[in-house]
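Q: I would like to learn how to read the features of a model like this one. Please show me the structure, then take the features in turn.

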Amino acid sequence: MIVTALVFYLLAFITIASAVMVIASRNPVHSVLFLILAFVNSAGIFVLMGAEFLAMILVVVYVGAVAVLFLFVVMMLDINIVEMRQGFLQYLPVGALVGLVLLIELVMVLGAWVVAPEAASVAQQPIPPIDQVTNTEAIGRVLYTDYVYLFQACGMILLVAMVGAIVLTLRQREGVRRQSISKQVSRKVGDTIEVKKVPSRSGV
């Protein structure tokens, strides 16, 4: 137990320090790297809690896809830090308002357990013993039985968001030759080949 507690405190300290450095670092590339470090340590905490499925999802999805994508986008955009800091004050009221809303939501979530402590027993699902099913199978049973419609709705929302992002970023540029399969199929021989009779001893 002592070793487990020490590992937990170590991972928690590194996670909190990395989260602070994400918002405190001046270089956006360093912020993304600290974000990856926070994700990895959070996955370690999930492993200590016995939620190995969530740990693998955190590493594979967030570290392997989202954070690396952030890193590539930041490196490709070549963001000018000086220009970003010039407009910081004009967005400060909006950021303060969003932070206040998030703070109120956190207080409401934490206060709900004080007002209604029996809500935890109502919300919890019966988990089979670990010797019967694995952690992944237990999550799958709850996700694909009780919450299957919500799961499908989330998938549809993500699909619409992906299609919308593609449509918004797709721009037609002038002077770019594109393939038109309908024109290629419907064209005739006379439209593509022209036969000319060249007189003898004369140029074309």
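Q: How many helices and strands does the protein have?
A: Helices (H or I, at least four residues) and strands (E, at least two) are DSSP runs, numbered from the N terminus. Here there are 10 helices and zero strands. From the N terminus on, the order reads α-α-α-α-α-α-α-α-α-α.

Q: What should I know about the model itself?
A: The model is predicted: local features need pLDDT of at least 70, side-chain atom pairs count only at pLDDT 80 or more, and totals for chains, interfaces and linings use all residues. Residues are numbered from 1 along each chain as its sequence is written, and side-chain values use heavy atoms, with hydrogens and water left out.

Q: How do helices H1 and H2 cross?
A: Start with the axes: lines fitted to C-alpha atoms, for helices over the stretch in contact, with angles from 0 to 180 degrees between N-to-C directions. Angles under 35 degrees count as roughly parallel, over 145 as roughly antiparallel, 65 to 115 as roughly perpendicular and the rest as oblique. The axes of H1 (residues 2–24) and H2 (residues 28–48) come within 8 Å and cross at roughly 155 degrees. H1 is therefore roughly antiparallel to H2.

Q: Is the crossing of H1 and H2 left-handed or right-handed?
A: A crossing is left-handed if the near helix is turned anticlockwise from the far one by less than a right angle, and right-handed if clockwise. The H1 and H2 crossing is left-handed.

Q: Is Phe8 buried, exposed or partly exposed?
A: Buried means under 20% relative accessible area, exposed over 50%, partly exposed in between (1.4 Å probe, protein chains only). Phe8 has 37%, so Phe8 is partly exposed. Across the protein, buried residues make up 12% of the 204 residues.

Q: How many salt bridges does a search of the whole structure find?
A: A salt bridge is a side-chain nitrogen of Lys or Arg within 4 Å of a carboxyl oxygen of Asp or Glu. The search finds one. Glu137 and Arg141 form a salt bridge at 3.1 Å, N to O. Both lie in helix H7 (residues 135–143), four residues apart, about one turn of the helix. Glu137 is partly exposed at 37%; Arg141 is partly exposed at 43%.

Q: Which residues make a nonpolar surface patch?
A: Patches are made of residues with over 30% relative accessible area and no salt bridge: like charges are joined within 9 Å, nonpolar side chains (Val, Leu, Ile, Met, Phe, Trp, Tyr) within 5 Å. Areas come from the Shrake-Rupley method with a 1.4 Å probe; for residues, only the protein chains shown count as cover. Leu97, Leu100, Val101, Leu103, Ile104, Val107 and Met108 make a patch of about 670 Å². Val101 is in helix H5 (residues 92–115). Val101 has 39% relative accessibility, so Val101 counts as partly exposed.
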